Amino acid sequence: MSDIRLENITKRFGDHAALHEVSLQVKDREFFVLLGPTGAGKTTTLRVIAGLEKQDHGHVYFDGQMIDSFQPADRDVAFVFQQYSLYPNLSVYDNLAFPLRSPLRRTPEPTIKERVTAAAEILRISHLLDRKTARLSGGEMQRVSIGRAIVRKPRAFLMDEPLSNLDAKLRESLRVELKHIQKTQGSTSIFVTHDQIEALTMADRIAVLDDGVILQMGTPFDIYDRPATMFVATLVGTPRINLLNAHRHNGHLRIEKSPLEMPVPGDQMPERVTIGVRPEDVRVDSEGSFTGSVALIEPLGVETILHIQSGDQLLLSVIPGTSPIRLNEQVRFDFARDRLHYFDTNGRRL
Amino acid sequence: MAQIELRQVEKKFGESFAVKPLDLTIQNGEFIVLLGPSGCGKTTTLRMISGLEAVTTGTILLDGRDVTWAHPSDRDIAFVFQFFALYSHMTARENIAFPLQAQRVPRAEISAKVAEVARMLRIEHILDSKPGSLSGGDQQRVALARALVRRPAAFLMDEPLGALDAEFREGMRAEIKQLHIRQEATTVYVTHDQIEAMAMGDRIVIMSKAQVQQVGTPHQVYHDPANLFVARFIGSPGMNLLNARYSDGKAILPGGSAVTVPGAYRAALDHALNDSDGAVIVGFRPEALRVNVTDGECSGVVYADDLHGGYSMLHLELADDVIIHGRMSRDTAHPIGETMVFDIDPAMMRFFHPKTELAIHINGGAA
């Protein structure tokens, strides 16, 4: 396993910079997630690390060694794709053994057997070893593709949206399993996704990319609790963060299109700001300083989403469990004042 | 406005059931969701209500009128599909006006109605655009406007948000529901997304394998699922379900922990489980898991622990391959491999029969 560093990587396709001066370091045994919308440059980053794409500028280091000139085969990383790319006519065992039997590796059969058996156990597919892969479910196939990466004992795992073709329930359980396996095996992993919940739940650290640039890097807590930009704030969290435009007026911040106002926090606040409030930080509270009427109730079982209308502002509030509140009811509410986010007119965190 | 009643409606393709005999009364003004995985029969049911699909047997009543064999156009029902099905050569305005023109509504009335529905859906600014230049969300709004403008007796919607990005879906979901609240038009909505169903439905009809599994309010299907399928399908993650053994007021979980069965359930379990030799399935929602208790009855080993934003999930392994999920506040972190003691909130404990897979109710044994 190994430590991976990118230094000022720029990659152009024609006139378009797919990656612009991307620098990051993935530590040994770390689960690192690249999160961003389609076209952000996530997959390109992964392909540059694997050597499948050659950067125009910058360097890639494995364990401190520059490997820019290494061919993909010499980089010793394993790729797991969204598509399973298994051999349908081979058994699960032979699919798992395949990379080890390649002429490059020529692993002895007893070693192969040992590694295949161990990988199958980790992935809970021991009972499927004799089956042809064409007869497996989607979840089982993805386990086999991950197994095929594991048996190689590569320096690092590069995973490109491996869960996105699976149905919601399966994704949920594989997410937990993948994280458990990664932590117990200590394998350095870089995982690409556009799904914020995958990033938050699995990552040790997340890099948020947009338009070829890293907007923020940090732990899931950093990204969720201290988003560096408004874009990052809206990318993570569901339901989405409330964004309220406000301006200063007589020592108060007035939230536009509404009667809501609150004292200006600190003395560095510019004239115009956007206040970000996560829905769980909008709290229905009989002592709260704001009032509004409940325009919509979404009972999700574990929690309830209230749409609270105050003036022309609509705020989402998430409260645990079932709510006794009725449609059109007037409610008092407040923000968890210590959990508010402030952004300037360029969307940067203040 | 309409009440829709299905009486013993079934659909067969050859020998196989697409929909097994189904009885359902949809009240006037109700928002009802047909929910289930693909192939469960929900879309076929919707299509039979619309008249696009003929029933094999059974009766469909619209406000008491038998419409089983009525042509779709004679049912006064509007259909909204997943795919927008807009005319690409027409502007949004012309698309919305189209059904009224087909009904030969006077021109002045058409433009008044189009303006009204456009205001309601906040698409006034795009009325002169062609669909190709609109975002997915706006195209779906235009498609909705076209359905709404006719003021039909009922709306049938087949995964109308299915083609939209996750970020649009949440917003559109709320818009459709709000529209329903304002219009109070009877709506039958098909989806495979349980969160959408919970958020939108007054009642949810959960289907699997051509058969209705449960009809109930979001609260009912979440807290009192009729069977294991519903318990698993609703919630993310679904209900924790453990193969246990019941005797003397305790349920022995995989791994050996013994949970005290709430007193109210004991007689029902004694009665319901006499044919299963005490085997029972214990179910509880992730928020029913209580850790940091001093005298917890159960224990498990931390399998993983992850942040979901406003809360965390703790995954505990009770025995080989048996993992339960608990919803936690965010301020706790637990290392993998640590043994943890826990309790299950007795008010949230549920029981299912291992053979029939049906819920065992406090009064009256197996459902």
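Biologist: How are residues and chains labelled, and what confidence do local features need?

Modeller: Residues are numbered from 1 along each chain as its sequence is written, and chains are lettered from A and ligands numbered from 1 in the order in which they are written. In this predicted model, side-chain atom pairs count only at pLDDT 80 or more, totals for chains, interfaces and linings use all residues, and local features need pLDDT of at least 70.

Biologist: How many helices and strands does chain A have?

Modeller: The C-alpha atoms of chain A fill a box of roughly 75 × 45 × 35 Å along the principal axes. Helices (H or I, at least four residues) and strands (E, at least two) are DSSP runs, numbered from the N terminus. On that basis, chain A has nine helices and 20 strands.

Biologist: What share of the residues of chain A counts as buried?

Modeller: A residue is buried if 20 or more other C-beta atoms lie within 10 Å of its own, exposed if 12 or fewer, and partly exposed in between, with C-beta atoms placed from the backbone. Chain A has 350 residues, and the buried share is 42%.

Biologist: Which strands lie at the edges of the four-stranded open sheet of chain A?

Modeller: Two strands pair if DSSP finds at least two bridges between them. The sheet has the order β2-β1-β4-β5 with antiparallel pairing, and seven bridges join β1 (residues 4-13) to β2 in chain A. Across that pair, L6(A) stands opposite L24(A). The strands that pair on one side only are β2 (16-26) and β5 (65-66) of chain A.

Biologist: Why is M217(A) classed as partly exposed?

Modeller: M217(A) belongs to strand β10 (residues 213-218) of chain A. Contact requires C-beta atoms, placed from the backbone, within 7 Å; beyond four places in sequence, M217(A) touches L24(A), R205(A) and A207(A). M217(A) is partly exposed because the number of other C-beta atoms within 10 Å is 17.

Biologist: How many residues of chain A are in contact with chain B?

Modeller: On the chain B side, α5 (166-183), α6 (194-200), α7 (218-223) and β16 (298-307) each supply at least two residues. In total, the 28 residues of chain B in contact with chain A meet 32 residues of chain A.

Biologist: Which residue of helix α1 (residues 42-50) of chain B precedes a glycine with positive phi, and how many of its residues are buried?

Modeller: The helix is followed by G51(B), whose phi is positive, near 95°. Among the buried residues of α1(B) are K42(B), R47(B) and I49(B). The helix is mostly covered, the buried residues numbering eight of nine.

Biologist: Where in chain B is a cis peptide bond found?

Modeller: In chain A, a cis peptide bond joins T238(A) and P239(A), with omega about -5°. In chain B, P237(B) lies in the loop between α8 (228-233) and β11. The cis bond there, with omega about -5°, joins S236(B) and P237(B).

Biologist: Is D321(B) buried or exposed?

Modeller: D321(B) lies in the loop between β17 (312-319) and β18 (322-328) of chain B, and its phi is positive, near 70°. Because 8 other C-beta atoms lie within 10 Å, D321(B) is exposed.

Terms used. Two residues are in contact if their C-beta atoms, placed from the backbone, lie within 7 Å.
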